[in-house]
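Please open the structure in your viewer and keep the sequence beside it, so that each selection can be followed step by step.

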Amino acid sequence: MPDKVRIWTDGACSGNPGPGGWGAVLIWRGHEKDLSGGETPTTNNRMEMMAVIMALESLKRASKVEIATDSQYVHKGITEWLAGWKARSWRTADKKPVKNADLWQRLDQAVKPHDIHWRWVKGHAGDVMNERADKLAREAIKGIRSTSPPLCEGPD
């Protein structure tokens, strides 16, 4: 479908929590756009979510969208868990507060204008655009590290 915006997203964190980055690749009608950013301290899950949020918030009008994410947390959260969390006033099934509720609420708003198909892709398995989004996320972490001292040490 030529009018579908295709988006690949990824998040990364060096230490969890630690400096984190997110990346997104958007393709529409043959045009490609890379988005990335980061923050510290943060977690991998927050960066996975920010990649999707920032990609959707960058769209200028309601669109048909396909989002590919390698995050089970994001994929299951948006396709399976979100409705229940909202029905329980942002509580989990065992009545605990939903982690990252601020970002889930922001994502819930970001998806509203769009017709979205969610697709889970296996990370680091040769999906070229997923690898590109991963590289953007990892480069964003390097940018944070070059401008501020690391808050924690951990594996990349």
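The tour below goes from the sheet to a helix and then to a single residue.

This is a predicted model, in which local features need pLDDT of at least 70 and side-chain atom pairs count only at pLDDT 80 or more, while totals for chains, interfaces and linings use all residues. Residues are numbered from 1 along each chain as its sequence is written, and side-chain values use heavy atoms, with hydrogens and water left out.

Begin with the strands (DSSP runs of E, at least two residues, numbered from the N terminus, as are helices, runs of H or I of at least four). Five strands form an open sheet in the order S3-S2-S1-S4-S5, with mixed pairing, where two strands pair if DSSP finds at least two bridges between them. Strand S3 (31-42) and strand S5 (115-120) are at the edges with a single partner strand each, so one side of each has no neighbour in the sheet. From one strand to the next, the twist averages 20°.

Next select residues 4-13 and 18-28, strands S1 and S2, which pair in the antiparallel sense over 8 bridges; Cys13 has Gly20 in S2 as its bridge partner.

Finally, select Asn100, in the loop between helix H2 (72-87) and helix H3 (101-111). Is Asn100 buried or exposed? Asn100 is buried, at a relative accessible area of 16%, where buried means under 20%, exposed over 50% and partly exposed in between (1.4 Å probe, protein chains only). Beyond its neighbours within four places in sequence, Asn100 is in contact (heavy atoms within 4.5 Å) with Asn45, Arg46, Met49 and Tyr73.

Key
Axes fitted to C-alpha atoms, helices over the stretch in contact; angles between N-to-C directions.
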